[in-house]
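We will go stop by stop, and each stop tells you what to select.

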Amino acid sequence: MAANPNSVEARDVAYHLHSYTNARLHQEQGPLVIEKGDGIYVEDQSGKRYIEAMAGLWSVAVGFSEPRLVAAASRQMARLPYYHTFTHKAHGPVVDLAEKLVTMAPVPMSKAYFTNSGSEANDTVLKLLWYRSNAMGEPQRKKVISRHRGYHGVTIASASLTGLPNNHRSFDLPLPQVIHVGCPHYWREAQPDESEDMFATRLALELEQTILAEGPETIAAFIGEPLMGAGGVILPPKGYWEKIQAVLRKYGILLVADEVICGFGRTGQMFGSQTFAMTPDIMVFSKQLSSSYLPISAVLINDVVFEPIADESNRIGVLGHGFTGSGHPVAAAVALENINIIEERDLVAHAREVGRHLQKRLHALAGHRLTGEVRGIGLIAGIELVADRETREPWQKPGALGALVNRELQELGVISRNMADAIAFSPPLIITEGEVDIVADRLEQAMDRAASQILTPVLAASAKR
Ligand code: PMP
């Protein structure tokens, strides 16, 4: 930790409580202070440059220094820096963005509702589902089925939808209306001798049994990320979504696609729902919607969802929901320009092509002695590390090896993120093949360094790197 009490590091420790951080450890080691960004790079206070191989938090599609987004924000700031969308008020940017999102959706959608984060969006989804069920005279239809290791946010409702223990533990969550079913991770969860197809069939059967046990009339919706991001970049087994959707259709249960990570090109198609042939009734967007230059998120609903909600708001006299920042004009203007850039530069096709290279380079590490599984599609990938490839045992405790490799990688100038022992990659969509090569080379170096520390812990301790 820096000795100077006026340093950013010292003041950060003194005054700032961090998200997703061990607060005690932070007091010892302090922050990494990032000062600026340029393309796929960010730079810390000491001038060290890093490839931001996570695009921040799966976010910065167009890179860190896009002048068109700065210009769009400043134009809108000067014209109308703020207005709201309550009580029949509208402004150009929010209408333009709503129209854009509804018309570009891969399945018929009716309306866009705006929020400021993925969590708020999913919170809103749950509330709209409850409101709709009441509107339809089905007050018992309030449960939502989600998946273990799914990630949908951290507010009370969205953290409940999330299926990760650290988002529930000590927070008294999840809410009783949320039911979690199995995680579609073939490598980790399949039984011996089970094919991908058999695994997907078993998960669909589990879903059906859950629906029947709870009572189909009590289930409002099923929510899922097309591929799981924060749970460790988990791609569903072949046939999974087809089988899951068949069950949902059979019982008249709505599908919510949480596209917060997948949306706007990440998987090599504009939306994850296209990559995995999903037909959602509700879609949730954030992150690459605005490249996270400003906070904004959106919930798209089709007419099946909208019509009863409209009737209920008419019966009550108002839809009693809304945020001060819903459809913020500056965020909306930035999102629109961001989508324009993605379309004009065909960053979706770029993500598909460069993504192939990323997957190829990471798959070349499949034989490394620390590699358990390599997985991904487009410009999103994960490499799961194990201490023992036979038994798939972790090193020391789950997450320790992932953290070690992640630290080594950061020292080598690549910022990634470890979800337990899975190292994730989700770089800006503008990354080139040459830059992917640098990331992959440094990952291999980081894995080699970690392997040597695991093999020779005494030597490694004395080296004190
Ligand atoms: N859904 C998904 C799929 C996400 O990945 C995230 C964030 N990682 C969220 C929702 C929550 O978004 P936010 O952090 O903006 O609340």
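**Stop 1: the two domains.** This is a predicted model. Begin where the domains meet: 31 residues of domain 1 are in contact with 31 residues of domain 2. To colour them, select 32-62 together with 346-464 for domain 1, and 68-344 for domain 2. These ranges come from the domain assignment of the protein. The centres of domain 1 and domain 2, taken over C-alpha atoms, are 28 Å apart.

**Stop 2: the buried area.** Domain 1 and domain 2 bury about 2500 Å² between them. Carbon and sulfur atoms give 60% of that area. Now select Trp58, Val62 and Arg392. Together they supply 24% of the area that domain 1 buries against domain 2, more than any other three residues.

Stop 3: Select Arg188 and Glu384, which form a salt bridge. Their closest N and O atoms are 3.2 Å apart. Between domain 1 and domain 2 there are also 18 residue pairs in polar contact, with both residues at pLDDT 80 or more.

Next, show the elements on the side of domain 1 that touches domain 2. Those giving two or more residues are helix 3 (55-58), helix 14 (347-363), strand 11 (371-377), strand 12 (380-385) and strand 15 (422-425). Which of them gives the most? Strand 11 does, with 5 residues. Colour this side by class and you get 19 nonpolar, 6 polar and 6 charged residues.

**Stop 4: the ligand.** Select the ligand and the residues around it: Ser117, Gly118, Ser119, Asn122, Tyr151, His152, Gly153, Glu225, Asp258, Val260, Ile261 and Lys287. Then zoom in on three of them.

- Ser119: a polar side-chain atom lies 2.5 Å from an oxygen atom of the ligand.
- Asp258: an N or O atom in the side chain is 2.7 Å from a nitrogen atom of the ligand.
- Tyr151: here a polar backbone atom is 3.4 Å from a nitrogen atom of the ligand.

Stop 5: The model has a count of 18 salt bridges. Select Arg361 and Asp441 to view one of them. The closest N and O atoms of this pair are 2.7 Å apart.

**Stop 6: two backbone details.** Select Leu173 and Pro174. A cis peptide bond joins them, with omega about 5°. Where is Pro174? It sits in the loop between helix 7 (156-161) and strand 6 (178-181).

Last, select Ala55, in helix 3. Its phi is near 50°, a positive value in a residue other than glycine.

Terms used
Residues numbered from 1 in each chain as written. Predicted model: local features only at pLDDT ≥ 70, side-chain atom pairs only at ≥ 80, totals over all residues. Heavy atoms only, no water. Domains from an automatic or database assignment. Contact = heavy atoms within 4.5 Å. Buried area = accessible area lost by both parts, 1.4 Å probe. Salt bridge = Lys/Arg side-chain N within 4 Å of Asp/Glu carboxyl O. Polar contact = N/O pair within 3.5 Å; in protein donor to acceptor, adjacent residues only side chain to side chain. Helix = DSSP H or I, 4+ residues; strand = E, 2+ residues; numbered from the N terminus. Nonpolar A, V, L, I, M, F, W, Y, C, P; charged D, E, K, R; others polar. Near = heavy atom within 4 Å.
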